[in-house]
Structure formats: C-alpha cells, structure tokens
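Try each task before reading its solution.

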Amino acid sequence: MLNPEDQFHVGIVVEDFEATLEQLSSLFGYEWCDETGGPVALELPTGSAVLDMRCTFSRTSPRLEIVRRIPGTLWEPVPGSTLHHVGYWSDDVAGDTAKLEDHGYVIEATRQGADGGLFFAFLRSTKGPRVELVTRGVQPHLEQYWAQPSATSGAITGRDDS
C-alpha cells in the first residue's frame, strides 16, 4: 500500500507558530522555509468549506511541517502532543484513500486538484496516526520551495544568517 520511502514529513499543529519555530531552531537546529498558505477549498464530512490554511516546512530533514491552528477544525493541536499527521506522497490519492478506508481509516478532509483528482486527503484511524496523502505531482514544486532561501530566515531561526 504505502511505502516507508514515500513518507516525507511529519505535521505538527501549534498554538504559537513563531515560538515553535524558534524553539525547534534553537534546540534542534531546524531551518525554515517562508510561511505559505491562504484560503483553501476543502471537502469535509460536514460539507464544503474554505479555510485559511497556513504553514511552513523545515528546510532540513527529517522534514517537519508546522501548521497554524485553525479553531474548531481538525487542525487543532493534539492534546498532550502537537504531532498531527504523517505525510506521504501518493501516485493515486483517491485509490490510496479508498485502501485506507478499507482498513478502518475515516476521511476527515480532501482537496481537489486542478486536474479534478484529489490533491490531498487527511484520514484518521483509532489504531494509527492521522495520515495525509499528497499527490506526487506536487513534489517538484515543494522541492523548489524547500530549496528557496527564506526571506525571514534570521527572524524565524533566531540566528543572524548574514
């Protein structure tokens, strides 16, 4: 089904975005891409919604995705831990979603891509971590994003990169 080598990030939803970035930088040496995001049209179990989704990824590996909290949604910090999801590349998001559903996972959110297929899907299970499936078609774009110098690297990392 999903392969370990397709796992490319761990998502962490946080209450205090800037403080989390600073702490992960100072304690563990992470460097960050510029924040990205904006209004995203989604399908939720309750129907269609547009949410302001904002995050950043670590430039360094293992790759972390730090996500700003969205009150009243599945994008809330997990009690006792901020670990939110494990992200995997998928060559067939709809097909892999169906396979996970066959194994007891429940769809929490999906986003349609420009091609009409699924761009991403979030699924949860009582027996494992929440999973985000992301179309592999976006991989080259994310790799470019990860490689770009951050306009705010000194402010985000707490370091003077000059």
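**Exercise 1. The largest pocket**

Which residues lie nearest the centre of the largest pocket, and how many residues line it?

Solution. Keep in mind that this is a predicted model.
- Step 1: The lining counts 23 residues. Cys55, Phe57, Glu65, Arg111 and Phe119 lie nearest the centre.
- Step 2: Now see which elements contribute. Two or more lining residues come from each of strands E2 (36–44), E3 (47–57), E4 (64–68), E7 (118–124) and E8 (131–135), and from helix H3 (139–147).
- Step 3: The largest pocket holds about 500 Å³ of space.

**Exercise 2. Strand E8 and its partners**

State which strands are joined to E8 by bridges, and in which direction each pair runs.

Solution. 
- Step 1: Start with E5 (residues 83–90). Five bridges join E5 to E8, and the two run parallel. In E8, Val131 stands opposite Val86.
- Step 2: Turn to E7. Four bridges join E7 to E8, and this pair is antiparallel. Here Phe122 stands opposite Glu132 of E8.
- Step 3: Look at the link. E7 and E8 form a hairpin, with six residues between them.
- Step 4: Check the cover. Four of the five residues in E8 are buried, so the strand is mostly covered.

**Exercise 3. Val93**

Is Val93 buried or exposed? Locate Val93 and list its contacts.

Solution. 
- Step 1: Val93 is found in helix H2, which spans residues 93–102.
- Step 2: Its relative accessibility is 4%. Buried means under 20%, so Val93 counts as buried.
- Step 3: Set aside neighbours within four places in sequence. Val93 is then in contact with Leu118, Phe119, Phe120, Ala121, Leu133, Val134 and Thr135.
- Step 4: Compare a residue elsewhere. Thr46 is 47 residues from Val93 in sequence and 21 Å away in space, C-alpha to C-alpha.

**Exercise 4. The whole chain**

Describe the protein chain by its elements, then test its radius of gyration against that of a compact globule.

Solution. 
- Step 1: Count the elements. The protein chain has four helices and eight strands. Along the sequence they follow β-α-β-β-β-β-α-β-β-β-α-α.
- Step 2: A compact globule of 162 residues would have a radius of gyration near 15 Å. The protein chain has 16 Å, which agrees.
- Step 3: Note the box. The C-alpha atoms fill roughly 50 × 35 × 30 Å along the principal axes.
- Step 4: Finish with burial. Buried residues make up 41% of the 162.

Technical notes
Residues numbered from 1 in each chain as written. Predicted model: local features only at pLDDT ≥ 70, side-chain atom pairs only at ≥ 80, totals over all residues. Heavy atoms only, no water. Buried < 20%, exposed > 50% of the residue type's maximum accessible area, 1.4 Å probe, protein only. Contact = heavy atoms within 4.5 Å. 1 Å grid on protein atoms, 1.4 Å probe; cavity = no way out; pocket = protein on both sides within 12 Å on 5 of 7 lines; lining within 4 Å. Points joined across faces, edges and corners; volume = space filled by probe spheres on them. Pairing = 2+ DSSP bridges. Rg over C-alpha atoms; globule rule 2.2 N^0.38 Å.
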